[in-house]
Amino acid sequence: MKAARIQIYPTPDALSDAAALHIVEQAQKAVTARDRFTIALSGGSTPRAVFERLAQPPLRDQLPWDKTWVFWGDERAVPPDSADSNYRMACDALLSHVPIPRDNVKPILTQGHDLDAAAQHYARVIQGFVPGTPPRFDLVLLGMGPDGHTASLFPRSPQLHAIDELVVATPEAPLKPHVRRITWTFRLINAAAEAVFLVAGADKADRVAEVLEGPSNPRALPSQQVVPIDGTLIWMFDQAAASKLGNSPIDPTALDPANA
Ligand code: 6PG
(Lines give C-alpha, C1' and ligand atoms only; values in the text may rest on other atoms or scores of the structure.)
Protein backbone atom coordinates (compact mmCIF):
# COMPACT_ATOMS: atom_id res chain seq x y z
CA MET A 1 0.00 0.00 0.00
CA LYS A 2 1.26 3.46 -0.94
CA ALA A 3 0.52 6.64 1.01
CA ALA A 4 -2.62 8.45 -0.13
CA ARG A 5 -2.16 11.45 -2.40
CA ILE A 6 -4.11 14.52 -1.35
CA GLN A 7 -4.85 17.13 -4.00
CA ILE A 8 -6.66 20.34 -3.12
CA TYR A 9 -8.09 22.74 -5.67
CA PRO A 10 -9.24 26.29 -5.07
CA THR A 11 -12.82 25.85 -6.33
CA PRO A 12 -15.26 23.05 -7.21
CA ASP A 13 -14.76 23.95 -10.89
CA ALA A 14 -11.00 23.54 -10.59
CA LEU A 15 -11.53 20.19 -8.87
CA SER A 16 -13.80 19.03 -11.68
CA ASP A 17 -11.36 20.20 -14.36
CA ALA A 18 -8.49 18.34 -12.73
CA ALA A 19 -10.51 15.18 -12.12
CA ALA A 20 -11.73 15.06 -15.72
CA LEU A 21 -8.21 15.53 -17.03
CA HIS A 22 -6.93 12.84 -14.67
CA ILE A 23 -9.51 10.35 -15.97
CA VAL A 24 -8.43 11.04 -19.56
CA GLU A 25 -4.77 10.53 -18.66
CA GLN A 26 -5.46 7.28 -16.83
CA ALA A 27 -7.55 6.04 -19.75
CA GLN A 28 -4.79 6.79 -22.22
CA LYS A 29 -2.18 5.06 -20.02
CA ALA A 30 -4.36 1.97 -19.54
CA VAL A 31 -5.08 1.68 -23.26
CA THR A 32 -1.39 2.04 -24.08
CA ALA A 33 -0.49 -0.65 -21.54
CA ARG A 34 -3.39 -3.11 -21.89
CA ASP A 35 -5.47 -1.92 -24.83
CA ARG A 36 -8.47 -1.15 -22.65
CA PHE A 37 -9.61 1.04 -19.78
CA THR A 38 -12.02 -0.12 -17.06
CA ILE A 39 -13.61 2.50 -14.84
CA ALA A 40 -16.27 2.42 -12.12
CA LEU A 41 -18.40 5.52 -11.73
CA SER A 42 -19.98 6.79 -8.53
CA GLY A 43 -23.24 8.56 -7.94
CA GLY A 44 -23.64 11.83 -6.11
CA SER A 45 -23.43 15.45 -7.11
CA THR A 46 -19.66 15.89 -7.27
CA PRO A 47 -19.01 13.53 -10.19
CA ARG A 48 -21.73 15.07 -12.34
CA ALA A 49 -19.64 18.14 -13.08
CA VAL A 50 -16.69 15.90 -13.94
CA PHE A 51 -18.83 13.84 -16.31
CA GLU A 52 -20.07 17.00 -18.02
CA ARG A 53 -16.49 18.01 -18.77
CA LEU A 54 -15.71 14.59 -20.23
CA ALA A 55 -18.77 14.94 -22.46
CA GLN A 56 -17.43 18.01 -24.23
CA PRO A 57 -14.43 18.82 -26.40
CA PRO A 58 -11.54 18.82 -25.92
CA LEU A 59 -11.63 15.97 -23.40
CA ARG A 60 -14.39 14.06 -25.16
CA ASP A 61 -12.16 13.68 -28.19
CA GLN A 62 -9.20 12.49 -26.14
CA LEU A 63 -10.88 9.54 -24.47
CA PRO A 64 -10.50 6.19 -26.25
CA TRP A 65 -14.24 5.44 -26.04
CA ASP A 66 -14.19 2.20 -28.00
CA LYS A 67 -11.65 0.80 -25.54
CA THR A 68 -13.32 2.19 -22.42
CA TRP A 69 -15.63 -0.03 -20.32
CA VAL A 70 -17.86 1.73 -17.82
CA PHE A 71 -19.23 0.10 -14.68
CA TRP A 72 -20.81 1.51 -11.51
CA GLY A 73 -19.57 1.18 -7.93
CA ASP A 74 -23.09 1.40 -6.56
CA GLU A 75 -26.68 1.86 -7.63
CA ARG A 76 -29.98 2.68 -6.01
CA ALA A 77 -32.90 0.22 -6.38
CA VAL A 78 -34.87 2.51 -8.65
CA PRO A 79 -35.83 2.25 -12.32
CA PRO A 80 -32.99 3.19 -14.68
CA ASP A 81 -34.85 6.29 -15.84
CA SER A 82 -35.47 7.56 -12.29
CA ALA A 83 -33.92 10.88 -11.34
CA ASP A 84 -32.29 8.97 -8.44
CA SER A 85 -30.55 6.45 -10.70
CA ASN A 86 -26.76 6.69 -10.82
CA TYR A 87 -26.91 5.14 -14.28
CA ARG A 88 -29.32 7.81 -15.49
CA MET A 89 -27.14 10.57 -14.05
CA ALA A 90 -24.10 9.27 -15.91
CA CYS A 91 -26.12 8.88 -19.12
CA ASP A 92 -27.53 12.40 -18.89
CA ALA A 93 -24.23 14.03 -18.02
CA LEU A 94 -21.86 11.91 -20.10
CA LEU A 95 -22.69 8.67 -21.82
CA SER A 96 -25.44 9.88 -24.11
CA HIS A 97 -23.07 12.54 -25.48
CA VAL A 98 -20.07 10.40 -26.40
CA PRO A 99 -19.33 7.67 -28.95
CA ILE A 100 -19.06 4.79 -26.46
CA PRO A 101 -20.29 1.45 -27.84
CA ARG A 102 -23.46 0.34 -26.04
CA ASP A 103 -21.86 -2.97 -25.04
CA ASN A 104 -19.13 -1.12 -23.17
CA VAL A 105 -21.64 0.27 -20.67
CA LYS A 106 -22.37 -2.09 -17.78
CA PRO A 107 -25.08 -0.69 -15.48
CA ILE A 108 -26.07 -2.41 -12.24
CA LEU A 109 -29.55 -3.83 -12.86
CA THR A 110 -31.67 -3.40 -9.74
CA GLN A 111 -35.14 -4.04 -11.06
CA GLY A 112 -35.53 -7.78 -10.40
CA HIS A 113 -37.39 -9.06 -7.34
CA ASP A 114 -34.29 -10.33 -5.68
CA LEU A 115 -31.64 -7.71 -5.05
CA ASP A 116 -29.18 -10.25 -3.63
CA ALA A 117 -29.38 -12.18 -6.88
CA ALA A 118 -28.91 -8.95 -8.82
CA ALA A 119 -25.76 -8.20 -6.81
CA GLN A 120 -24.39 -11.67 -7.51
CA HIS A 121 -25.22 -11.24 -11.17
CA TYR A 122 -23.27 -7.99 -11.34
CA ALA A 123 -20.29 -9.65 -9.65
CA ARG A 124 -20.34 -12.30 -12.38
CA VAL A 125 -20.54 -9.62 -15.09
CA ILE A 126 -17.44 -8.02 -13.60
CA GLN A 127 -15.60 -11.33 -13.19
CA GLY A 128 -16.38 -12.27 -16.75
CA PHE A 129 -14.83 -9.11 -17.99
CA VAL A 130 -12.21 -7.69 -15.68
CA PRO A 131 -9.13 -9.84 -15.02
CA GLY A 132 -7.79 -10.57 -11.56
CA THR A 133 -8.90 -12.28 -8.35
CA PRO A 134 -10.50 -10.09 -7.20
CA PRO A 135 -10.92 -8.22 -10.50
CA ARG A 136 -8.60 -5.25 -10.80
CA PHE A 137 -10.19 -2.11 -12.26
CA ASP A 138 -7.99 0.62 -13.68
CA LEU A 139 -9.89 3.39 -11.92
CA VAL A 140 -12.64 3.52 -9.31
CA LEU A 141 -14.31 6.87 -8.68
CA LEU A 142 -15.71 7.35 -5.19
CA GLY A 143 -17.60 10.01 -3.30
CA MET A 144 -17.85 10.45 0.43
CA GLY A 145 -21.20 11.15 2.05
CA PRO A 146 -21.66 13.50 5.01
CA ASP A 147 -21.71 10.47 7.34
CA GLY A 148 -18.41 9.13 5.97
CA HIS A 149 -19.99 6.47 3.76
CA THR A 150 -18.59 5.65 0.37
CA ALA A 151 -20.22 3.78 -2.52
CA SER A 152 -23.29 2.46 -0.64
CA LEU A 153 -21.25 1.20 2.30
CA PHE A 154 -22.86 2.95 5.26
CA PRO A 155 -21.56 3.30 8.82
CA ARG A 156 -22.01 0.24 11.03
CA SER A 157 -23.69 -1.81 8.31
CA PRO A 158 -22.96 -5.54 7.95
CA GLN A 159 -21.89 -4.95 4.34
CA LEU A 160 -18.70 -3.31 5.65
CA HIS A 161 -17.51 -6.73 6.73
CA ALA A 162 -18.18 -8.66 3.53
CA ILE A 163 -15.07 -10.74 2.98
CA ASP A 164 -15.90 -13.08 0.14
CA GLU A 165 -18.37 -11.07 -1.91
CA LEU A 166 -17.48 -8.54 -4.59
CA VAL A 167 -20.92 -6.92 -4.81
CA VAL A 168 -23.73 -6.97 -2.23
CA ALA A 169 -27.27 -5.70 -1.73
CA THR A 170 -28.00 -3.36 1.19
CA PRO A 171 -31.11 -2.57 3.22
CA GLU A 172 -32.74 0.84 2.74
CA ALA A 173 -30.11 3.55 2.91
CA PRO A 174 -30.07 5.80 5.99
CA LEU A 175 -29.66 8.81 3.67
CA LYS A 176 -31.74 10.01 0.73
CA PRO A 177 -32.88 8.37 -1.39
CA HIS A 178 -34.03 5.91 1.29
CA VAL A 179 -34.06 2.91 -0.97
CA ARG A 180 -32.14 -0.33 -1.03
CA ARG A 181 -28.85 -0.29 -2.92
CA ILE A 182 -26.38 -2.57 -4.62
CA THR A 183 -22.78 -1.77 -3.86
CA TRP A 184 -19.26 -2.97 -4.41
CA THR A 185 -17.58 -4.29 -1.27
CA PHE A 186 -14.24 -3.09 0.00
CA ARG A 187 -12.76 -6.33 -1.32
CA LEU A 188 -13.47 -5.19 -4.87
CA ILE A 189 -12.76 -1.49 -4.30
CA ASN A 190 -9.40 -2.23 -2.71
CA ALA A 191 -8.32 -4.46 -5.58
CA ALA A 192 -8.34 -1.48 -7.98
CA ALA A 193 -5.19 -0.09 -9.51
CA GLU A 194 -6.41 3.36 -8.48
CA ALA A 195 -9.22 4.71 -6.29
CA VAL A 196 -10.04 8.41 -6.52
CA PHE A 197 -12.29 10.22 -4.07
CA LEU A 198 -13.95 13.39 -5.33
CA VAL A 199 -15.16 15.52 -2.43
CA ALA A 200 -16.42 19.09 -2.57
CA GLY A 201 -18.20 21.48 -0.24
CA ALA A 202 -17.83 22.95 3.22
CA ASP A 203 -20.45 20.55 4.61
CA LYS A 204 -17.92 17.74 4.16
CA ALA A 205 -15.01 19.53 5.88
CA ASP A 206 -15.39 18.11 9.41
CA ARG A 207 -15.88 14.59 8.12
CA VAL A 208 -12.91 14.88 5.76
CA ALA A 209 -10.66 15.88 8.67
CA GLU A 210 -12.04 13.05 10.80
CA VAL A 211 -11.52 10.46 8.07
CA LEU A 212 -8.02 11.54 7.11
CA GLU A 213 -6.59 12.82 10.36
CA GLY A 214 -8.77 11.36 13.12
CA PRO A 215 -8.37 8.02 14.88
CA SER A 216 -8.98 4.89 12.87
CA ASN A 217 -12.66 3.95 13.18
CA PRO A 218 -13.68 2.31 9.91
CA ARG A 219 -16.99 0.98 11.29
CA ALA A 220 -18.15 4.55 11.88
CA LEU A 221 -16.23 6.03 8.95
CA PRO A 222 -16.37 3.54 6.09
CA SER A 223 -14.28 5.77 3.81
CA GLN A 224 -11.29 4.95 6.03
CA GLN A 225 -11.59 1.38 4.78
CA VAL A 226 -10.57 2.36 1.24
CA VAL A 227 -6.96 1.23 1.11
CA PRO A 228 -6.02 -0.22 -2.29
CA ILE A 229 -3.89 -3.28 -1.62
CA ASP A 230 -1.59 -2.81 -4.56
CA GLY A 231 -2.79 0.47 -5.97
CA THR A 232 -2.98 4.20 -5.57
CA LEU A 233 -5.41 6.19 -3.44
CA ILE A 234 -6.05 9.81 -4.37
CA TRP A 235 -8.27 12.25 -2.49
CA MET A 236 -9.26 15.25 -4.63
CA PHE A 237 -10.86 18.11 -2.70
CA ASP A 238 -11.99 21.61 -3.27
CA GLN A 239 -10.66 24.09 -0.75
CA ALA A 240 -13.93 24.13 1.21
CA ALA A 241 -13.96 20.37 1.77
CA ALA A 242 -10.30 20.41 2.80
CA SER A 243 -10.55 23.48 5.01
CA LYS A 244 -10.39 21.56 8.31
CA LEU A 245 -7.35 19.49 7.37
CA GLY A 246 -4.31 20.31 9.47
CA ASN A 247 -1.53 20.61 6.94
CA SER A 248 -3.23 21.29 3.70
CA PRO A 249 -2.77 24.70 2.15
CA ILE A 250 -3.99 25.05 -1.44
CA ASP A 251 -1.40 23.46 -3.64
CA PRO A 252 -0.77 26.01 -6.41
CA THR A 253 0.75 23.27 -8.57
CA ALA A 254 -2.27 21.02 -8.24
CA LEU A 255 -3.68 22.13 -11.56
CA ASP A 256 -0.47 21.28 -13.35
CA PRO A 257 -1.30 18.10 -15.31
CA ALA A 258 2.11 16.75 -14.36
CA ASN A 259 0.97 16.74 -10.73
CA ALA A 260 -2.71 15.99 -11.17
C1 6PG B 1 -24.60 7.23 -4.07
C2 6PG B 1 -23.13 7.43 -4.06
C3 6PG B 1 -22.52 7.95 -2.78
C4 6PG B 1 -21.96 9.34 -3.08
C5 6PG B 1 -21.67 10.10 -1.82
C6 6PG B 1 -21.19 11.51 -2.11
O7 6PG B 1 -25.07 6.56 -4.95
O8 6PG B 1 -25.27 7.79 -3.22
O9 6PG B 1 -22.34 6.68 -4.85
O10 6PG B 1 -21.55 7.15 -2.20
O11 6PG B 1 -20.81 9.23 -3.85
O12 6PG B 1 -22.84 10.15 -1.05
O13 6PG B 1 -22.15 12.18 -2.83
P14 6PG B 1 -22.01 13.72 -3.23
O15 6PG B 1 -20.93 13.81 -4.25
O16 6PG B 1 -23.37 14.07 -3.75
O17 6PG B 1 -21.69 14.43 -1.97
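I take strands to be DSSP runs of E, at least two residues long, numbered from the N terminus. With that in hand, I place Thr170 in strand E7, which covers residues 167-170. The model I am reading is predicted.

**Entry: Thr170**

I looked up the cover on Thr170 and found a relative accessible area of 2%. Buried means under 20%, so I log Thr170 as buried. I then checked Thr170 against Ile182: the two are twelve residues apart in sequence, and their C-alpha atoms are 6.1 Å apart in space.

**Entry: the chain as a whole**

I counted the elements next: the chain has six helices and ten strands. Along the principal axes, the C-alpha atoms fill a box of roughly 50 × 40 × 35 Å. I compared the radius of gyration with the globule rule: a compact globule of 260 residues would be near 18 Å, and the chain has 17 Å, which agrees. Buried residues account for 54% of the 260 residues.

**Entry: salt bridges**

I note the background first: side chains of opposite charge can pair when their charged atoms come close. How many salt bridges does a search of the whole structure find? I get nine.

I looked at Arg53 and Asp13, which form a salt bridge with the closest N and O atoms 3.2 Å apart. Arg53 sits in helix H2 (residues 45-54) and Asp13 in helix H1 (residues 12-34), so this pair ties together parts that are 40 residues apart in sequence. I also found Asp17 here: Asp13, Asp17 and Arg53 are linked in a network of salt bridges.

I went on to Lys244 and Asp206, whose side chains meet in a salt bridge at 2.9 Å, N to O. This pair also links distant parts of the chain, with Lys244 in the segment after strand E10 (232-238) and Asp206 in helix H6 (residues 205-213), 38 residues apart. I have Lys244 as partly exposed, at a relative accessible area of 46%.

I then took Glu210 and Arg207, where the salt bridge is 2.8 Å, N to O. How far apart are Glu210 and Arg207 in helix H6? They are three residues apart, so about one helical turn separates them. Both ends come out as partly exposed: Glu210 has 35% relative accessibility, and Arg207 has a relative accessible area of 26%.

**Entry: a positive patch**

I looked for charge on the surface and found Lys2, Arg5, Lys29 and Arg136 gathered in a patch of positive charge. Residues in such a patch need over 30% relative accessible area and no salt bridge. Lys2 is partly exposed, with a relative accessible area of 49%. I place Lys2 in the segment before strand E1 (5-9).

**Entry: backbone exceptions**

Pro57 and Pro58 are joined by a cis peptide bond with omega about 5°. I find Pro58 in the loop between H2 and strand E3 (68-72). The peptide bond from Lys176 to Pro177 is cis as well, with omega near -10°. Pro177 is in the loop between E7 and strand E8 (181-184).

I turned to phi. Ala151 is not a glycine, yet its phi is positive, about 45°. I place Ala151 in the loop between strand E6 (139-142) and E7. Arg156, also a residue other than glycine, has a positive phi near 60°. Arg156 is in the loop between E6 and E7.

Is Ala151 buried or exposed? I have Ala151 at 12% relative accessibility, which counts as buried. Arg156 is exposed, with a relative accessible area of 54%.

**Entry: Arg88**

At 33% relative accessibility, Arg88 counts as partly exposed. I also checked Arg88 against Gly43: the two are 45 residues apart along the chain, and their C-alpha atoms are separated by 9.7 Å.

Note on methods
Residues numbered from 1 in each chain as written. Predicted model: local features only at pLDDT ≥ 70, side-chain atom pairs only at ≥ 80, totals over all residues. Heavy atoms only, no water. Patch = residues over 30% accessible without salt bridge, like charges linked within 9 Å, V, L, I, M, F, W, Y side chains within 5 Å. Areas by Shrake-Rupley, 256 points an atom, 1.4 Å probe, with all protein chains shown as cover. Salt bridge = Lys/Arg side-chain N within 4 Å of Asp/Glu carboxyl O. Lys, Arg positive; Asp, Glu negative; His and termini not counted. Charge placed at Lys NZ, Arg CZ, Asp CG, Glu CD. Helix = DSSP H or I, 4+ residues; strand = E, 2+ residues; numbered from the N terminus. Buried < 20%, exposed > 50% of the residue type's maximum accessible area, 1.4 Å probe, protein only. Rg over C-alpha atoms; globule rule 2.2 N^0.38 Å.
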